[in-house]
Amino acid sequence: MKSREKTLRRSEIQLLEKIKESLDRLNEKMEVIIELQKQEPKNIPEQLPDALDVMTLLSLPDHLRKTAITICKLGRATADEVAEQTKRARAVESAYLNQLVLMGYLKKERVGRKAYFYVEREGEKQ
Amino acid sequence: MKKIIAVHSYKGGTGKTLMSTNLAAIYAMNKHKVALFDMDFRAPSLHAIFKVNSAKYWLNDYLNGVCNIENVIVKCSSKAGDNLYLALANPSTEAIREMAAKDRKWEMKALGRLLSLRNTLLNDLEFDYLIMDTSPGLQYSSINAIVSADTVIVVTTMDISDIEGTKRMIHELYDLFEKKTGIIVNKVPIEMISTLEEREKLRKKYEEISNLPVIDVAPCFCDVLRLGGNTIFSLEKPEHPFTKILKEIAAKIEKL
């Protein structure tokens with residue numbers, strides 16, 4: 001009887017973890033949508049860019065430039081790691097990073113529950 | 001404290017190379033391990049000053065991703081001792097043409113390679129200073145150097161077009177990258193700053209004009225021109241008043 005209870009609890013915990021993970025993702029998407037609504041549509045280029053070079057960095061609005069330069073320095077990082085460098089809130093960095101992904105400047109890769117952001121450099125190991 | 005310093009200017013001929021070579025020599029003499037990089041790919045000059053005519057690998061090759069930075073850096077034994085190392089830009093016309101034709105994607109990769117120098121040079125190879133001599137004005141190689149540096153030294157003359165351009169460049173470009181910046185006003189007629197008080201007064205005046213931190217004002221000595229850039233001034237003439245000023249500037253930059 002007791003062991004049955006235990007398995008039940010374990011599966012409950014697993015379910016709760018899954019729900020939390022989904023909520024995290026949903027939250028992240030909401031942040032992006034909110035951030036995008038705040039921005040003027042002119043910030044999004046019609047043609048997708050292919051490089052995040054210094055001249056492009058210069059053309060970005062201040063808040064995004066800070067995030068983009070941090071990714072350039074770190075190479076590949078999570079929103080947490082970027083927030084640590086910029087001293088801004090994780091949620092804020094997450095929103096900016098996702099916006100840079102949507103703008104085509106950064107790539108995003110999910111490993112388990114973590115999302116990594118990076119600049120795609122052809123033929124180079126990340 | 002370990003540091004990456006970029007030496008830049010708005011216009012050409014302000015004394016960037018004079019400043020960067022002497023800074024490097026002075027730090028090396030003070031027992032710091034120093035790397036001096038020629039980042040002026042449009043008009044390379046360090047090979048001529050240090051009399052190196054051929055190299056197995058140039059800085060161009062490192063940025064092109066065909067070699068590691070260890071392959072480019074060469075030890076330069078001089079009166080400064082054995083602590084000064086050089087990374088040279090390829091002076092051949094073909095190389096200059098090739099560097100001028102690079103696209104945005106290449107510049108992005110080059111920025112990545114420059115940013116990684118902090119780890120390889122300062123941490124792994126234990127350099128204390130990396131000094132980058134750059135091309136004047138707004139161009140890719142210089143802005144890449146500025147973005148990867150901790151401190152940017154901007155050398156200007158008293159020329160109004162130079163001062164105005166420097167001011168605009170710093171307020172509209174450097175500030176965007178949040179860089180620690182210091183200005184050196186160079187080639188000031190010696191009679192204008194013959195006393196320490198006059199020098200300090202003029203420094204403050206330029207600080208007010210530009211609304212930017214001015215590290216120092218440096219006089220124009222004919223003795224500097226007489227050497228024709230053939231040697232590093234502070235090493236050749238250690239007792240000269242200009243060398244004394246260069247040493248003061250080097251100490252101020254260390255504290256920036």
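**Close-up 1. Contact of helix 3 with helix 4 in chain A of the predicted model**. In this predicted model, A:K66, A:T67, A:T70, A:I71 and A:L74 of helix 3 of chain A meet A:E81, A:V82, A:Q85 and A:T86 of helix 4 of chain A, where two residues are in contact if their C-beta atoms, placed from the backbone, lie within 7 Å. The residues of this contact divide into three nonpolar, four polar and two charged; Ala, Val, Leu, Ile, Met, Phe, Trp, Tyr, Cys and Pro count as nonpolar, Asp, Glu, Lys and Arg as charged, and the others, Gly among them, as polar. The axes of helix 3 and helix 4 (residues 79-86) of chain A come within 10 Å and cross at roughly 110 degrees, the axes being lines fitted to C-alpha atoms over the stretch in contact, with angles from 0 to 180 degrees between N-to-C directions. The two helices are therefore roughly perpendicular to each other (under 35 degrees counts as roughly parallel, over 145 as roughly antiparallel, 65 to 115 as roughly perpendicular and the rest as oblique). Helices (H or I, at least four residues) and strands (E, at least two) are DSSP runs, numbered from the N terminus.

**Close-up 2. Helix 3 of chain A and the residue A:G75 just after it**. Helix 3 (residues 62-74) of chain A has 13 residues and reaches 19 Å from its first C-alpha to its last, close to the 18 Å expected at 1.5 Å a residue, the expected span being 1.5 Å times one less than the number of residues. Among its buried residues are A:L64, A:A68, A:I69 and A:C72 (buried: 20 or more other C-beta atoms, placed from the backbone, within 10 Å of its own; exposed: 12 or fewer; partly exposed: in between). Just after this helix, A:G75 takes a positive phi of about 85 degrees.

**Close-up 3. The loop residue B:E126**. B:E126, which lies between helix 7 (117-124) and strand 5 (129-134) of chain B, has a positive phi of about 55 degrees although it is not a glycine. Because B:E126 has 9 C-beta neighbours inside 10 Å, it counts as exposed.

**Close-up 4. The side of chain B that touches chain A**. The contact takes 14 residues from chain B and 12 residues from chain A. Helix 6 (104-115), helix 8 (140-148) and helix 9 (160-177) of chain B each supply at least two residues of the chain B side, and the largest share, eight residues, comes from helix 6.

Residues are numbered from 1 along each chain as its sequence is written, and chains are lettered from A and ligands numbered from 1 in the order in which they are written. In this predicted model, local features need pLDDT of at least 70 and side-chain atom pairs count only at pLDDT 80 or more, whereas totals for chains, interfaces and linings use all residues.
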